[in-house]
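Student: Could you take me on a close look at one part of this structure? I'd like a single connected walk through it, please.

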Amino acid sequence: MKKRVLSAVLVLCMGACLVACGDSKSDNTGATEAATSAVTEAPATEAAPAGLTIASTETWGDYTVGIPEGWTFRKGDAFSDTDTTCCSVKKSDFSYISFTMEKEDLYMKKYEQNKATYTNEQVDVSGKYGDIDWTGFQYSDGWGGYGFELYAKANNKPVRVSCAGFKFDSAEAKAVLESLKIK
């Protein structure tokens with residue numbers, strides 16, 4: 001009888017521990033996700049952000065592109081900051097629009113590889129921003145964020161765009177892509 005009661009108490013204690021843990025995840029400070037989620041801001045909507053204006057224009061290689069207020073411009077890419085075939089307009093490390101000029105067969109190969117990789121909620125997109133007709137796809141990162149991959153020929157130069165953090169028709173993407181000029 002004692003063993004049954006002790007077993008029942010042990011099961012109840014283990015159950016209580018599991019219920020207390022719930023689905024929250026602890027960080028290194030011991031705070032739980034549930035405790036920190038109360039101070040987390042609501043995700044941004046896709047409506048035009050208040051005050052989104054092109055604050056400056058940067059020219060790098062054959063690119064001239066507008067930089068929204070509060071954003072930064074990065075010359076080159078992760079491998080070389082002197083490569084004039086690449087540049088990025090960045091809101092943050094996780095929200096950016098990157099431009100790359102590559103030979104047409106190379107950019108199509110990279111585009112197709114990315115299309116096979118980023119398949120979550122993938123939809124084909126196309127449209128004209130500024131003087132450039134874009135073709136590509138948009139995808140979801142699975143956590144409420146979006147990105148897109150595009151390609152086009154501008155002044156007979158093949159250009160590929162990789163974006164993280166925005167939808168193709170977002171105010172941010174429109175502002176940056178409409179400002180883009182290719183020499």
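Tutor: Here is a look at the nonpolar core and the strands around it. Keep in mind that this is a predicted model.

Let's start with the largest nonpolar core, which has 29 residues. F99, W134 and L177 have the most contacts inside it. The top contributor is β8, with four.

Zoom in on L177 and, leaving out residues up to four places away in sequence, you'll find it touching F99, Y129, W134, F148, L150, V161 and F168.

Now for how β8 sits between its partners. On one side, β7 and β8 pair antiparallel over six bridges, and T135 stands opposite Y151 in β8. These two strands make a hairpin with five residues between them, where G142 in the turn has a positive phi of about 90°. Then β8 pairs with β9, again antiparallel, over eight bridges. Y151 turns up here too, with R160 in β9 as its bridge partner. The β8 and β9 hairpin has two residues between the strands, and N155 takes a positive phi near 50°.

The T64 side chain makes a polar contact with the side chain of T59 at 3.1 Å. Setting aside neighbours within four places in sequence, T64 is in contact with T57, E58, T59, S179, L180 and K181.

Terms used. Residues numbered from 1 in each chain as written. Predicted model: local features only at pLDDT ≥ 70, side-chain atom pairs only at ≥ 80, totals over all residues. Heavy atoms only, no water. Polar contact = N/O pair within 3.5 Å; in protein donor to acceptor, adjacent residues only side chain to side chain. Contact = heavy atoms within 4.5 Å. Core = buried A, V, L, I, M, F, W, Y, C linked by side-chain atoms within 4.5 Å. Buried < 20%, exposed > 50% of the residue type's maximum accessible area, 1.4 Å probe, protein only. Pairing = 2+ DSSP bridges.
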